[in-house]
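Open the model in your viewer and turn on residue labels. This tour goes stop by stop, with something to select at each one.

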Amino acid sequence: WGCFDEFNRIAIETLSVVAGQFRSVLKAIRSLSKLPAKHEVVGQFDFEGEECSLVPTAMAFITMNPGYAGRTELPENVKALFRSVAMIVPDMEMICENMLFSEGFEMAKPLSRKFMLLFR
């Protein structure tokens, strides 16, 4: 597994190469008739002219922070390889309130406000 942080800071030319490489891995995984239950080598596939072992449980993840200086827009061929997930700052007061309610506190709402003021 791989996680590539700040993926949109990579130069467009490099992103194009990475897209082609990752596409070949995904194509090899999709060509399998059945995925194994365990993390194991199930065969070989062509990776830019070289035979590589195929472990179909392998995956890549990317993180991006759009809107900052020095960030590039991902090309469509790269976007197609990954699923987007939007992240937001969690509402810690609501999380605290639910945790207090689940522990049996009847005055969880005002207590959660006090906790958030205390820990900010």
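A residue is called buried when its relative accessible area is under 20%, and exposed when that area is over 50%. Values in between count as partly exposed. One caution before you start: this is a predicted model.

**Stop 1: helix α1**

Select residues 12-30. This is helix α1, with 19 residues. From its first C-alpha to its last it reaches 26 Å, close to the 27 Å expected at 1.5 Å a residue.

Which residues of α1 are buried? Colour Leu15, Ala19, Phe22 and Ser24, then Val25, Leu26, Ala28 and Ile29: these are the buried ones. Now show what lies over them. The cover includes strands β2 (43-47), β3 (50-54) and β4 (60-62). Helix α2 (76-79) is also part of that cover.

**Stop 2: Ala28**

Stay in helix α1 and pick Ala28. Its relative accessible area is 9%, so Ala28 falls under the 20% limit and is buried. What does Ala28 touch, leaving aside its neighbours within four places in sequence? Select Phe45 and Leu54: Ala28 is in contact with both.

Ala28 and Glu103 are 75 residues apart along the chain, and their C-alpha atoms are separated by 48 Å.

**Stop 3: the salt bridges of Lys79**

The structure holds four salt bridges. Begin with Lys79 and show its side chain. Lys79 forms a salt bridge with Glu73, and the closest N and O atoms are 2.8 Å apart. Lys79 also meets Glu76 in a salt bridge, at 3.5 Å from N to O.

Look at where Lys79 and Glu76 sit. Both lie in helix α2, three residues apart, which is about one turn of the helix. An α-helix has 3.6 residues a turn, so residues three or four places apart point the same way.

Are these side chains buried or exposed? Lys79 is partly exposed, with a relative accessible area of 33%. Glu73 is exposed at 59%. Glu76, at 58%, counts as exposed too.

**Stop 4: a bridge between helices**

Select Glu93 and Arg113. They form a salt bridge, with the closest N and O atoms 3.4 Å apart. This pair links distant parts of the chain. Glu93 is in helix α3 (residues 92-102), Arg113 is in helix α4 (residues 108-119), and the two are 20 residues apart. Glu93 is partly exposed, with a relative accessible area of 23%. Arg113 is partly exposed as well, at 42%.

Before moving on, show Glu73, Glu76 and Lys79 together again. Salt bridges that share partners join these three into one network.

**Stop 5: helix α3**

Keep α3 on screen and colour its buried residues: Cys96, Glu97 and Leu100. Turn the view to look down the axis of α3. The buried residues fall within an arc of 100°, so they line one face of the helix. On the other side of α3, find Met99 and Ser102, which are exposed. What covers the buried residues of α3? Show α4, which is part of that cover.

Notes. Residues numbered from 1 in each chain as written. Predicted model: local features only at pLDDT ≥ 70, side-chain atom pairs only at ≥ 80, totals over all residues. Heavy atoms only, no water. Helix = DSSP H or I, 4+ residues; strand = E, 2+ residues; numbered from the N terminus. Expected span 1.5 Å × (residues − 1). Buried < 20%, exposed > 50% of the residue type's maximum accessible area, 1.4 Å probe, protein only. Contact = heavy atoms within 4.5 Å. Arc of directions from axis to C-beta.
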